[in-house]
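Hi,

Here is the structure I promised to pass on.

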Amino acid sequence: MPNFRHIVLTQDFPLEWLDRLYIESAEAESAVKKKIARTLYKLDEYLMIELFYQPSTRTRTSFGAAMTRMGGQVLWTENAREFSSAAKGETPEDTIRVLDYADLVVVRHPEEGVVGRMAAMDVVPVINAGDGPGQHPSQAFLDAWTIKKELGRLDGLRVALMGDLKYGRTIHSLIYLLAKYEPRIINLVSPPELSLPEELIAYLDRHHIPYRQCGDIKQIAADLDVLYQTRVQKEYFENEADYLRVARRQIVDGEVMRLLPSLAIVMHPLPRVGEIDPAIDSDPRAAYFRQARNGLYLRMALINWIIGRW
Ligand code: NCD
């Protein structure tokens with residue numbers, strides 16, 4: 001048993017825990033809206049450190065806002081790759097050891113597995129805020145909660161995961177959660193160069209999750225509850241030409257929206273770089289900005305779990 005609570009991989013968390021997480025997130029939302037979060041959670045003696053070795057806007061600020069909304073304190077090193085001791089050659093293991101005075105550390109790193117190694121040191125609670133093409137669990141938790149809020153359920157859904165299924169860590173984390181809710185079908189919509197890694201396909205097979213690979217969103221858009229679009233992860237491509245060959249192959253636009261059922265939703269972890277036409281933003285089914293907003297409340301609930309409040 002580890003000494004601390006860590007969040008590294010979504011498959012580690014059972015359904016009962018997820019149910020509680022959604023309840024805690026809804027309570028956090030209501031506390032923020034009533035302007036009583038600081039008084040209610042009283043985290044003024046708690047310190048969170050954010051260590052980001054890769055760019056971020058939403059994740060870093062929403063973890064920071066989550067902590068400060070509850071009265072806690074936040075330190076961060078922006079661009080840790082250049083400005084922290086990593087630039088001098090310090091190992092991630094040593095870095096985490098010296099941060100053990102914090103109450104929790106949120107880490108984003110370009111290399112898969114590194115955040116897990118830091119958590120395995122077990123000197124301070126660690127949240128994985130993205131480890132290269134590995135996972136991004138807090139995003140997947142907020143995605144699942146968003147689906148529950150928007151559609152009223154998570155079971156038996158018809159989902160399309162679209163875009164960069166190869167490098168997209170939000171996809172890699174969400175798929176484990178979706179699998180827990182016995183989806184009716186998971187459509188994997190990507191060019192062959194960006195298809196889902198073998199180990200995840202094997203996971204779906206092993207758990208008898210119905211899925212199909214599909215090249216064209218228009219063929220299946222009429223039979224969906226959730227369309228989850230993603231950005232092609234340019235940072236993992238060797239050169240620009242390879243990226244341009246696959247970028248923006250399929251866009252969610254007015255034509256796709258005409259096919260999509262009236263009660264379906266469109267999601268995206270953001271940032272988008274052309275794969276969703278902004279002209280559809282005003283469509284009530286476009287849920288991505290509501291999804292991003294849910295991140296604040298859900299991260300408040302995660303912080304509270306990490307420090308043992310529930
Ligand atoms: C995602 C990420 O960093 O993986 N962004 C985010 O945290 N919302 C998605 C992306 O960068 O494409």
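Before the details, a word on how to read them. This is a predicted model, so local features need pLDDT of at least 70 and side-chain atom pairs count only at pLDDT 80 or more, while totals for chains, interfaces and linings use all residues. Residues are numbered from 1 along each chain as its sequence is written, and side-chain values use heavy atoms, with hydrogens and water left out.

First, the overall picture. The chain has a radius of gyration of 19 Å, which agrees with the value near 19 Å for a compact globule of 310 residues. That radius is taken over C-alpha atoms, and the globule rule is 2.2 Å times the number of residues to the power 0.38. Along the principal axes, the C-alpha atoms fill a box of roughly 55 × 45 × 40 Å. Of the 310 residues, 56% count as buried (buried is under 20% relative accessible area, exposed is over 50%, partly exposed is in between, with a 1.4 Å probe and protein chains only). Looking at contacts (heavy atoms within 4.5 Å) between residues at least 6 apart in sequence, 74% join residues at least 24 apart.

Now the charged pairs. The structure holds 14 salt bridges, each being a side-chain nitrogen of Lys or Arg within 4 Å of a carboxyl oxygen of Asp or Glu. Here are some of them:

- Arg-20 pairs with Glu-24, with the closest N and O atoms 2.9 Å apart. The two sit four residues apart in helix H1 (residues 15–33), so about one helical turn separates them. Arg-20 is partly exposed at 37% relative accessible area, whereas Glu-24 is buried at 12%.
- Glu-150 and Arg-290 meet at 2.7 Å, N to O. This pair links distant parts of the chain, 140 residues apart: Glu-150 is in helix H7 (residues 137–151) and Arg-290 in helix H13 (residues 288–306). Glu-150 is partly exposed at 27% relative accessibility, and Arg-290 is partly exposed at 36%.
- Arg-272 bridges to Asp-281, with 2.7 Å between the closest N and O atoms. Arg-272 is partly exposed at 22%, and Asp-281 is partly exposed at 27%.
- Glu-29, Lys-33 and Lys-149 are linked in a network of salt bridges.

A few loops also deserve a look. Pro-110 lies between strand E3 (104–109) and helix H6 (114–121). Its C-alpha is 4.1 Å from that of Gly-132, although the two are 22 residues apart in sequence. Leaving aside residues up to four places away in sequence, Pro-110 touches several others, including Tyr-53, Arg-81 and Tyr-236.

Further along, a cis peptide bond joins Leu-270 and Pro-271, with omega about 5°. Pro-271 is in the loop between strand E9 (265–267) and H13.

Finally, which residues have a positive phi although they are not glycines? Asp-122 is one, at about 60°, in the loop between H6 and strand E4 (126–131). His-208 is another, at about 55°, in the loop between helix H9 (198–206) and strand E7 (211–214). Asp-122 is buried at 14% relative accessible area, while His-208 is exposed at 70%.

Cheers
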